Amino acid sequence: MAHKPTKEELIAAVGQTVPDVIAPHLKVLFCGINPSVYTAVVGHNFARPGNRFWPALFAAGFTPKLFLPEEQQELLPLGFGITNVVDRATVAAADLSKEELRLGGEQLVQKVLMYKPQVLALLGISVYQAAFGQKGSGVGLQGLMIGPTQVWVLPNPSGLNAHFPPKRLAEVYRELRAYVG
């Protein structure tokens with residue numbers, strides 16, 4: 001069974017980082033806003049109970065089974081990876097400043113230019129808008145390219161995102177899965 005962080009561990013995790021799951025020339029590099037303190041304590045992306053990232057990947061056909069967060073490295077042989085706009089863990093994404101998101105966007109561009117994934121999939125409209133200054137953006141394929149990489153926006157998989165219940169979330173993620181083949 002996975003480690004359940006204590007309150008003290010969660011408090012101590014503010015500002016910590018979680019390593020990327022990344023390799024050159026991936027099909028999709030999934031990009032979250034930033035790690036939660038829960039994720040920082042356990043050391044695996046999208047580990048917080050209630051986060052729907054792993055179920056959405058499975059329901060959309062990205063993974064052959066429902067991966068647990070601690071199986072995140074199994075994404076790489078499938079051609080998928082994980083990064084974040086901002087590396088430091090916070091209690092809530094609202095704890096990030098607009099400037100921090102903008103700078104994170106600049107660093108993300110450099111990472112994408114170095115690793116050259118086919119698609120950069122940003123997990124959330126608001127993070128795409130904040131990191132890249134794109135107003136009025138919706139989910140799906142974007143007009144923005146980073147070198148040879150196409151930018152795509154997916155809904156944030158947080159359990160707090162009531163606009164996208166699990167079935168609808170899987171449908172939208174499936175559109176990207178069909179795009180990358």
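Q: In which segment does Gly 181 lie?
A: This is a predicted model with residues numbered from 1 along each chain as its sequence is written, and local features need pLDDT of at least 70, side-chain atom pairs 80 or more, while totals for chains, interfaces and linings use all residues. Side-chain values rest on heavy atoms, without hydrogens and water. Helices (H or I, at least four residues) and strands (E, at least two) are DSSP runs numbered from the N terminus. In these terms, Gly 181 is found in the segment after H6.

Q: Is Gly 181 buried or exposed?
A: Buried means under 20% relative accessible area, exposed over 50%, and partly exposed in between (1.4 Å probe, protein chains only). The relative accessible area of Gly 181 is 56%, so this residue counts as exposed.

Q: How far apart in space are Gly 181 and Leu 66, C-alpha to C-alpha?
A: In sequence, Gly 181 and Leu 66 are separated by 115 residues. In space, their C-alpha to C-alpha distance is 19 Å.

Q: Where does Phe 67, the partner of Trp 54, lie?
A: Trp 54 and Phe 67 make a tilted pair, 6.4 Å centre to centre with 40° between the planes. Trp 54 and Phe 67 are both buried, and they also belong to a cluster linked by ring pairs that includes Phe 46, Phe 62 and Phe 80. The pair links distant parts of the chain, 13 residues apart: Trp 54 is in helix H3, and Phe 67 is in the loop between H3 and strand S2 (80–84).

Q: Which residues touch the most other members of the largest nonpolar core?
A: A nonpolar core is a set of buried Ala, Val, Leu, Ile, Met, Phe, Trp, Tyr and Cys residues joined through side-chain atoms within 4.5 Å. The largest one has 25 residues, and at least two come from each of S1, H3, S2, S3, strand S5 (149–154) and helix H6 (166–180). A second, separate core has 20 residues, including Leu 26 and Cys 31. In the largest core, the residues that touch the most other members are Val 28, Phe 30, Phe 62, Leu 154, Tyr 173 and Leu 176.

Q: What is the phi of His 25, and what is that of Lys 116?
A: Most residues other than glycine have a negative phi. His 25, in the loop between helix H1 (7–12) and S1, is exposed at 61% relative accessible area. Lys 116, in the loop between helix H4 (98–115) and strand S3 (119–123), is partly exposed at 37%. Neither is a glycine, yet phi is positive in both: for His 25 about 60°, and for Lys 116 about 50°.

Notes
Rings of Phe, Tyr and Trp (its six-membered ring) pair if their centres lie within 6.5 Å; planes under 30 degrees apart count as stacked, over 60 as edge-to-face and the rest as tilted.
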